[in-house]
Amino acid sequence: MDAPGLWRVGDPAMVTPSLTGEGMSLALGSARCLADSLCDGVTPEVYRTRLRKAFGRQLSIARAFEALLQRERPQRPMVHSLSALPMLLRAGAGWSRGG
Ligand SMILES: Cc1cc2nc3c(=O)[nH]c(=O)nc-3n(C[C@H](O)[C@H](O)[C@H](O)COP(=O)(O)OP(=O)(O)OC[C@H]3O[C@@H](n4cnc5c(N)ncnc54)[C@H](O)[C@@H]3O)c2cc1C
């Protein structure tokens, strides 16, 4: 739980697995969200809710991919499946990144 009045932005607000290459994009996205929130006069809690709404889904999917890829057993079958169905890889890359 953050101290009252604390506005986290960039990496301190949220970190995505590095396999997505989205760190800088998320840092800029959170900065945009923070600027909008300050202009709208909302509380830090509302700002955090906005961040979760805007980026929570892609972060959850990226973390799930990372957890899966770190396990040795599913790696070989996954590589086989993805080479047979490259559109799955494309879709996964899209879900774990901003649109
Ligand atoms: C090795 C590595 C490779 C990466 N590769 C990629 C990549 O390929 N693609 C990608 O999108 N992201 C990548 N990232 C992640 C990306 O760099 C970060 O997600 C992004 O830079 C976060 O931005 P930020 O503004 O939160 O923090 P930062 O970019 O770290 O900026 C924080 C700034 O605040 C300064 N600072 C800290 N404390 C103070 C203080 N007390 N007073 C004043 N200034 C202070 C720091 O010196 C720094 O300049 C990588 C990160 C690392 C470590």
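Analyst: A helix here is a DSSP run of H or I with at least four residues, a strand is a run of E with at least two, and both are numbered from the N terminus. The expected span of a helix is 1.5 Å times one less than its number of residues. This is a predicted model, in which local features need pLDDT of at least 70 and side-chain atom pairs count only at pLDDT 80 or more, while totals for chains, interfaces and linings use all residues. Residues are numbered from 1 along each chain as its sequence is written.

User: ok, how many residues does helix α1 have, and how far does it reach?

Analyst: Helix α1 covers residues 23-40, which is 18 residues, and it reaches 25 Å from its first C-alpha to its last, close to the 26 Å expected at 1.5 Å a residue. After α1 comes Gly 41, which has a positive phi, near 70°.

User: which residues of α1 are buried?

Analyst: A residue is called buried if 20 or more other C-beta atoms lie within 10 Å of its own, exposed if 12 or fewer do, and partly exposed in between, with the C-beta atoms placed from the backbone. In α1, the buried ones are Leu 26, Gly 29 and Ser 30. They sit on the same side of α1 because they cover an arc of only 100° around the axis, the arc being that of the directions from the helix axis to the C-beta atoms.

User: and what does the face turned away from the buried side carry?

Analyst: That face of α1 carries the exposed residues Met 24, Arg 32, Ala 35, Leu 38 and Cys 39. On the buried side, α2 is included in what covers the buried residues of α1.

User: new topic: which residues make up the largest nonpolar core?

Analyst: A nonpolar core is a set of buried Ala, Val, Leu, Ile, Met, Phe, Trp, Tyr and Cys residues joined through C-beta atoms within 7 Å. The largest one has 6 residues in all, namely Ala 13, Met 14, Leu 26, Tyr 47, Leu 51 and Phe 55. Helix α2, residues 44-69, gives the most to this core, with 3 residues.

User: what does Met 14 touch?

Analyst: Not counting residues up to four places away in sequence, Met 14 touches Leu 26, Ser 30, Leu 51, Phe 55 and Leu 59, where contact means that the two C-beta atoms, placed from the backbone, lie within 7 Å.

User: which residues are around the ligand?

Analyst: They are Gly 10, Asp 11, Gly 21, Glu 22, Gly 23, Met 24, Ser 25 and Ala 27, each counted as near if its C-beta atom, placed from the backbone, lies within 6 Å. This shell divides into 2 nonpolar, 4 polar and 2 charged residues.

User: is Ala 27 buried, exposed or partly exposed, and what is it in contact with?

Analyst: Ala 27, which has its place in helix α1, is partly exposed, because 17 other C-beta atoms lie within 10 Å. Leaving aside neighbours within four places in sequence, Ala 27 is in contact with Gly 10 and Asp 11. The C-alpha atoms of Ala 27 and Asp 11 are separated by 6.3 Å, although these residues are 16 apart along the chain.

User: last one, what is Glu 66 in contact with?

Analyst: Glu 66 lies in helix α2 and, neighbours within four places in sequence aside, is in contact with Pro 17 and Leu 19. Glu 66 and Pro 17 are 49 residues apart in sequence and 6.7 Å apart in space, C-alpha to C-alpha.

Definitions and conventions. Ala, Val, Leu, Ile, Met, Phe, Trp, Tyr, Cys and Pro count as nonpolar, Asp, Glu, Lys and Arg as charged, and the others, Gly among them, as polar.
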